[in-house]
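Here is a brief report on one chain. It covers a loop, a helix pair and model confidence.

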Amino acid sequence: ASSCAASTSEPAAVSDVTDHPPPPARRTGRRPGDARSREVILAAARESFARAGYGATTIRGVATAAGVDPALVHYFFGTKDGLFAAVVELPLDPSQLVEDVLAGDAAGLGDRLVRRFLAVWDDPATGPTLVGLIRGATSHQPSADLLREFIGREILFRIASTTGHPDALLRANLCAAELMGLALLRYVLRVEPLASADAAGLPGWLGPTLQRYLTGPTPERPVG
């Protein structure tokens with residue numbers, strides 16, 4: 001009888017083990033293929049931006065070319081301007097720059113735009129990369145076209161459009177001309193005395209001009 005009891009108790013012990021396996025260990029770290037997927041997306045985006053320009057490039061189109069779900073593009077880069085910033089290795093978040101400039105009354109737009117612009121270019125963490133981008137754009141027309149379109153549409157036009165003027169795109173272009181001229185002369189060509197001028201004093205010169213571009217009345221066309 002005791003042997004029967006022993007024989008019947010053994011399966012029960014085995015059942016306890018097999019019915020309740022230990023929970024699997026949690027997987028940590030990056031998902032397999034994440035780094036590779038990111039590079040594939042960047043390559044597809046680089047090709048699309050160069051071929052179609054910033055405006056015609058879409059997250060969905062890049063995802064299709066890369067063979068991934070659009071959600072994965074958003075996972076890595078957030079928005080299209082984030083994707084562009086990664087492609088050209090832009091050392092700043094364009095959306096944050098726009099938010100900083102718009103954080104205040106309309107009367108101070110020009111001053112804040114100049115100050116934020118100078119802060120980014122004078123920062124040793126971001127300035128050298130921007131200088132490299134401008135130098136590359138001056139010697140490579142497709143790069144110049146892409147950079148101009150991005151700065152005009154995604155930064156300056158977004159700022160100018162908040163003023164309610166119907167000619168916001170022209171106003172954004174005028175701001176771009178002013179600021180890119182400043183960048184070229186001060187940081188790339190190093191023209192003196194502008195190159196060594198105190199950054200604290202430059203908004204007083206440039207701020208009113210940008211403010212007029214952004215919020216001033218549209219000049220009347222000359223008659224005759």
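Arg190 sits in the loop between H10 and H11. This is a predicted model. The phi of Arg190 is near 60°, a positive value in a residue other than glycine. Arg190 is partly exposed, with a relative accessible area of 46%.

Pro193 is also found in the loop between helix H10 (168-188) and H11. The peptide bond from Glu192 to Pro193 is cis, with omega near 5°. Most residues other than glycine have a negative phi, and most peptide bonds are trans.

## H7 against H11

Helix H7 (residues 109-122) meets helix H11 (residues 202-215): their axes come within 7 Å and cross at roughly 125°. H7 and H11 are therefore oblique to each other. Their crossing is right-handed.

On the H7 side, the contact is made by Leu109, Gly110, Asp111, Leu113, Val114, Arg115 and Leu118. H11 contributes Leu202, Pro203, Leu206, Gly207, Leu210, Gln211, Leu214 and Thr215. By type, the residues of this contact divide into nine nonpolar, four polar and two charged.

## Confidence

The chain has a mean pLDDT of 81, and 84% of its residues reach 70 or more. Among the elements of the chain, H11 has the highest mean pLDDT, 96. Helix H1 (residues 2-19) has the lowest, 45.

Over residues 1-19, pLDDT stays under 50, and the model has zero contacts beyond four places in sequence for them. Residues 24-33 also have pLDDT below 50. That stretch has five contacts in the model beyond near neighbours in sequence.

Note on methods. Residues numbered from 1 in each chain as written. Predicted model: local features only at pLDDT ≥ 70, side-chain atom pairs only at ≥ 80, totals over all residues. Heavy atoms only, no water. Axes fitted to C-alpha atoms, helices over the stretch in contact; angles between N-to-C directions. Helix = DSSP H or I, 4+ residues; strand = E, 2+ residues; numbered from the N terminus. Parallel < 35°, antiparallel > 145°, perpendicular 65-115°, else oblique. Left-handed = near helix turned anticlockwise from the far one by under 90°. Contact = heavy atoms within 4.5 Å. Nonpolar A, V, L, I, M, F, W, Y, C, P; charged D, E, K, R; others polar. pLDDT = per-residue confidence, 0-100. Buried < 20%, exposed > 50% of the residue type's maximum accessible area, 1.4 Å probe, protein only.
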